[in-house]
Amino acid sequence: MSIRTMLENWEKYRTTHPSGDLHKDHPEYKWAMAIDLDTCTGCNACVVACYAENNVPVVGKERFEHGQTMHWIRIERYWNDEDADTPNQGAQFLPMMCQQCEAAPCETVCPVGATNHTPDGLNSQIYNRCIGSRYCSANCPYKVRYFNWYDYPEQEIAWPEPLPMQLNPDITVRTKGIMEKCTFCIQRLRTAQSTARTEGRLVKDGEVTTACAQACPTGAITFGNLADPYSQVAKMWRQQQVELHKDRQDKDKTGDNGGVRGYRVLEELRAYPSIMYLERVRDTNA
Amino acid sequence: MEEKDIRDDIAWAQINVDVLRSIEKPRLSFWLLFCFAGCLFLIGVACEVYQWRKGLGVANFDNPHVWGLYIASFIFWIGMSHSGTLLSAILHIIHADWRKPIYRFAEAMTTFSLMTAGLFVMVHLGRLWKFYYSLPYPNERWTWPNFQSPLLWDAMAIFTYLTSSILFLYVGAIPDFAICRDNATGWRKHFYSWLSLGWMGTDRQWRNFRVTYLTIACFLIPLAVSVHSIVASDFAMSQQPGWHVTSFPPYFVAGALYSGCAAIITLFIVLRHTFRFEEYMTLPILDKIGRLTFVIAMVWTYLNFVEYASVWYGDDMYAKDLLIQKATGPYSPFWWTMNFCGSVIPFLLISKTIRGNLTAMMIISLLLNLGMWLERWMIVAPTFSHGYYPWTMDHNQWPSFVQWGMVLGSFGWFGLLFMLFCKLVPSVSMYEVKEMVYHRTLAQKKYAREA
Amino acid sequence: MSTVRILGLFNDFDLASYALREVRDAYLPALNRDDITIKSPIEHPDVEELLGYRPAPIRRYTLIGSLLGGILGFLFLASSQGNFFAQQKGGKPIIPFPPDIVLTYEMLILGGVYITVLGFLISAGLPARMKSELYNTKISEDQIGVLVKSDARTIAEIKKIFEKHLAISITEEVIE
């Protein structure tokens, strides 16, 4: 059966991804985000929401300082002395989570195939397949993959009573030796997609969102379906002149970023991330 | 007249007696050393049990330092394994006769290094008890491992190399097992009778043996090159700075041959002394290995330098930053030691006096291997400290006692296996030494006739 | 006529080869090439050639083994990767050539080595039952043995040839 499958689908098996055509690669859904760094205040509400939604364990202060962190989304704080007339101006925040790369470097190197690319454009992580070789994290340019260095559910500090009652039943609790990362709250997406399919339609823009986008008080995170040209996130990507399948945007050739704020992190590595960041507005030009 | 690799008047019966003496009942000193290796191994086992129960966090891994001494030691042991192939296969094909007394223990070193390396792949996994997911076995979910992953290529290549090495070692030792069988009593006779498969040295058997040995040797050479290139691909096929270097496969193969040669020198001196093999593992042969090691050291030095040069020429600021970090950051003492041991110390091997001095060669070979072990560590660790993403750069992470314990344990494991081998299998290939002596007598006769 | 086996042990290859040459040149009609076996502690292709050329068909096994290993390896890889058509990895094709070529190469070598060893065992006739042939432990030490199997009269002739060439010991055995 496998040889027949292989021979029948040979053409399809030999194409690369992403091709130039988003609608050919992802006809129905392509989940993407746009994060406005000017609106982001670094309040960490998104981080806390992610902990609550995805059963992310608390590792404790000692292990966190030791570097064995566990947080699917992290707020990076940068301090730029040149920009700073006041402390407010110097600090910059960047929420960094799994960029759900279209050509993810982590997917090729997992020896058991625990991480793959889904048809709706997510980088999936299959917990029960993972044997913990950590090659995916080694290959990730953003280092957004987090490993369970200890058996956190066994430990008092992760979910002290009565917190286990707060755990999300839609998602597993991971044991030691497993890699995990941001999944764009895939459990919410699958529920919404399933409901929509039962009703014979596609998921509408705004019908489903990730926990971090939901919790953000300033609305810095916009989540949606890039394959839907009328979605908020697709409009933002178009406005910012950022295209998913390019490793260098056309606007970058003019030298001033085309006058818009949108960019993707480490784009030149050709991982084709699905998260667009909007640069902070700086007062220096005013 | 140049000193000969071996005396041409050694009686063949004497060869049998001398080598068989090495596999007779072991003395107290053997048992003491065996227990010592066993203790080292138990330290490793204890560390592994602790790590299994608690989780990999006890090894001091963190984000982004997800790999450490386990992968470095894995590559080191695979590298050591190239010694046997070099001596058995490559030197066989070019008819370098001086390899004949020493290739048996080198081939054994290959096999046991591969077994040790296999252990490291397993202990470095987060869920070691599920390691069989990486093996291609049919299951009800039709899931197969991801053949795109260089780690998977490792699994396939090392399996091939290990089994082929064992077969090569075994097939090459069949005539020697026959000798052991003919001189043994009791359980040993049964044991060697089974192993020698009824070998009687008939012309039919020798004829086929010759062709088989040469054929497998011809396969083993590209296999060895490909195995270590595949191990190098673990790094070269990623895109991290300091790893995504096209010269990694040949660089690793050169490093492997290098550490293999150094290990051969170490074991040569140990075995020569322990089993009194002075007639067979002669100083001229040590001289030749010393020269070979020097040549390979220069190849390695060149490839090492090429890596630095290509970073200097290239426009990749990440790679340049990383190189400067290696030279000036917290890893710099190890990096400079590696460069010193790997590139400067081999120049001592130019001197014939040093090559003939056993103590000096022992120290030099250990230092060379230290340099090579450090090289593997310096490939793995600095890239994690200093990748593409500034937020995750962390130059202050060191392995814990658990990792060091396992590295010690691996040496203990290797020692155990090697010592068992020395007492069960003749560590000098008797029939090949006889061939060596025979061809020298023929050459002497011819020389005398023509003179 | 009874079949007799005789094993003559010689000190070195020179004496053994003189004896063999004389056996070959003495017109002994009942003797075939296959009835003569040389047993030695090391190989000596020239002495073996004295009796006439015999092939060592190992390389045929090697060829079949490597081809099988390579082809079956590639088919296995490609069809197992083909099962994962819904799960792309890293933007690469489902059946990518670089990994497949590397692994096919390994499988080619694997198949080649294994079938070569198998071929060796078959061609050399190993494992062999030692009880069915005359053998002396000195053969694995430093003496060359020449084993001949034939009828009693031919063996008597051969015995004389052995004695003429200073055989160290001669053993005879009647088979049937």
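This report covers a strand, an arginine and the nonpolar cores of a predicted model.

## Strand β1 of chain C

Strand β1 of chain C spans residues 3–10. Eight of its eight residues are buried, so the strand is largely enclosed by the rest of the structure. In a regular strand, side chains alternate between the two faces of the sheet. In β1(C), C:T3, C:R5, C:L7 and C:L9 point one way. C:V4, C:I6, C:G8 and C:F10 point the other way.

β1(C) has antiparallel pairings with two strands of chain C, β3 (residues 144–151) and β4 (residues 169–174). Eight bridges link β1(C) to β3(C). Six link β1(C) to β4(C). C:L9 takes part in both pairings: its bridge partner is C:G145 in β3(C) and C:S169 in β4(C).

## C:R33 and chain B

C:R33 sits in the loop between α1 (13–25) and β2 (36–39) of chain C. Its relative accessibility is 17%; buried means under 20%, so C:R33 counts as buried.

The side chain of C:R33 makes a polar contact of 3.3 Å with that of B:D203. Beyond residues up to four places away in sequence, C:R33 also touches B:R207, C:E48, C:L51, C:G52 and C:R54.

## Nonpolar cores

The largest nonpolar core has 252 residues. Those with the most contacts inside it are B:W67, B:F105, B:F235, B:F248 and B:F418. This core draws at least three residues from each of domain 1 (3–55 + 132–174) and domain 2 (58–124) of chain C.

A second, separate core has twelve residues, among them A:A32, A:L226, A:W237 and A:V242.

Note on methods
Residues numbered from 1 in each chain as written. Chains lettered and ligands numbered in written order. Predicted model: local features only at pLDDT ≥ 70, side-chain atom pairs only at ≥ 80, totals over all residues. Heavy atoms only, no water. Helix = DSSP H or I, 4+ residues; strand = E, 2+ residues; numbered from the N terminus. Buried < 20%, exposed > 50% of the residue type's maximum accessible area, 1.4 Å probe, protein only. Polar contact = N/O pair within 3.5 Å; in protein donor to acceptor, adjacent residues only side chain to side chain. Contact = heavy atoms within 4.5 Å. Core = buried A, V, L, I, M, F, W, Y, C linked by side-chain atoms within 4.5 Å. Domains from an automatic or database assignment. Pairing = 2+ DSSP bridges.
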